[in-house]
Amino acid sequence: MRTTLKYLWLMTLIAALVGLVACSDDDDNDNNGNNNPGTPDPWEGTWLSAGTDVAPILVAFAGNDSIRVTFNADQTVLLESHVPASGWSTQGGIYTFTENDGSDILTVHIEYTNPNFTQDGIMQIWTASPDSMYLEAVQTDPDIGATPLTYDQGFGADPALGILNIQKYRKVD
């Protein structure tokens, strides 16, 4: 009888210990297996280009004096362009940034709606105060004959455009 009680007591103790080991704080259902929210990608947020940061080609041909772009975590993008004579215009769409091995320059693909057009190019972010971003993209659909740069070519490498198409942004949110 005593032997049976000892085994029963031992089995109860083992079952309790197994139950305690199985419980942990990493079983919470959130985006990275713990209680802290995930770190947002460095491009997520709102970026502003104004004054001399606006790409010279956009100033000359579109009359832009500022451009604001918001990249959301769900891969949607909102582009807001300002022309002094006509105010703000807004375009929405979706984006994809692709990292390139051995480079901090990312490949960019943005599809806008209303009007429908696609841009491709490159982007780079610098941690600063505020964070800074360079973006150089060209329209690829409808095709206007522009060829997007690749990360290994770098910014300003297009022989026809040089630095005229480099958009400089500062993070505002």
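Q: What elements does the protein chain have, helices and strands?
A: The protein chain has two helices and eight strands. The model is predicted.

Q: In what order do the elements run from the N terminus?
A: The order is α-β-α-β-β-β-β-β-β-β.

Q: What do the eight strands form?
A: They form a closed barrel, running β1-β2-β3-β4-β5-β6-β7-β8 with antiparallel pairing. From one strand to the next, the twist averages 30°.

Q: How many bridges join β2 to β3?
A: Six bridges join strand β2 (residues 66-71) to strand β3 (residues 76-83), and the two run antiparallel. In that pairing, F71 stands opposite V77 in β3.

Q: And β3 with β4, over how many bridges?
A: Eight bridges, in the antiparallel sense. T76 has I94 in β4 as its bridge partner. A hairpin of three residues joins β3 to β4.

Q: How many bridges for β4 and β5?
A: Seven, again antiparallel. One of the bridge partners is H109 in β5, which faces T96.

Q: What holds strands like these together in general?
A: Strands of a sheet pair through backbone hydrogen bonds, either parallel or antiparallel.

Q: Switching to the core. How many residues are in the largest nonpolar core?
A: That core has 20 residues. W43, V69, F71, F97, M123 and M133 have the most contacts inside it.

Q: Which elements give two or more residues to this core?
A: β2, β3, β4, β5 (106-113), β6 (117-126) and β7 do. The largest share, four residues, comes from β5.

Q: What does V69 touch?
A: Leaving out residues up to four places away in sequence, V69 touches G45, T46, W47, V77, L78, L79, M133 and Y169.

Q: What share of the protein chain is buried?
A: Buried residues make up 31% of its 173 residues.

Q: What about contacts between residues at least 24 apart?
A: Those account for 39% of the contacts in the protein chain between residues at least 6 apart in sequence.

Q: Now the rings. How many aromatic pairs are there?
A: The structure holds seven. One of them is W43 with F97, an edge-to-face pair at 5.0 Å centre to centre and 75° between the planes.

Q: Which parts does the pair of W43 and F97 tie together?
A: W43 lies in the loop between α1 (2-22) and β1 (45-50), while F97 is in strand β4 (residues 87-98), so the pair ties together parts that are 54 residues apart in sequence.

Q: Is that W43 buried or exposed?
A: W43 is buried, with a relative accessible area of 8%. F97 also counts as buried, at 10% relative accessibility.

Q: Why is the pair of Y134 and F155 edge-to-face?
A: The planes of Y134 and F155 are at 80°, with the ring centres 5.9 Å apart, so the pair is edge-to-face. The cut-off for that class is over 60 degrees between planes.

Q: Where do Y134 and F155 lie?
A: Y134 lies in strand β7 (residues 132-141) and F155 in the loop between β7 and β8 (167-171), so this pair ties together parts 21 residues apart in sequence. Y134 is partly exposed, at 27% relative accessible area.

Q: Which residues do ring pairs link into a cluster?
A: W43, F71, Y95 and F97.

Q: What lies over the face of W88?
A: R68 does, at 4.3 Å from the ring centre.

Q: Last topic, the backbone. Where are the cis peptide bonds?
A: One joins N114 and P115, with omega about 0°. Another joins D141 and P142, with omega about -5°. P115 is in the loop between β5 and β6, and P142 is in the loop between β7 and β8.

Q: What is phi of N114?
A: Phi of N114 is near 55°, a positive value in a residue other than glycine. N114 is in the loop between β5 and β6 and is exposed, with a relative accessible area of 67%.

Q: And what about phi of Q75?
A: Phi of Q75 is near 70°, again positive in a residue other than glycine. Q75 is in the loop between β2 and β3 and is partly exposed, at 38% relative accessible area.

Q: What do most residues and peptide bonds do in general?
A: Most residues other than glycine have a negative phi, and most peptide bonds are trans.

Notes
Residues are numbered from 1 along each chain as its sequence is written. This is a predicted model: local features need pLDDT of at least 70, side-chain atom pairs count only at pLDDT 80 or more; totals for chains, interfaces and linings use all residues. Side-chain values use heavy atoms; hydrogens and water are left out. Rings of Phe, Tyr and Trp (its six-membered ring) pair if their centres lie within 6.5 Å; planes under 30 degrees apart count as stacked, over 60 as edge-to-face and the rest as tilted. Buried means under 20% relative accessible area, exposed over 50%, partly exposed in between (1.4 Å probe, protein chains only). A charge sits over a ring if NZ of Lys or CZ of Arg is within 6 Å of the ring centre and within 35 degrees of the ring normal. Two strands pair if DSSP finds at least two bridges between them. Axes are lines fitted to C-alpha atoms, for helices over the stretch in contact, and angles run from 0 to 180 degrees between N-to-C directions. A nonpolar core is a set of buried Ala, Val, Leu, Ile, Met, Phe, Trp, Tyr and Cys residues joined through side-chain atoms within 4.5 Å. Contact means heavy atoms within 4.5 Å.
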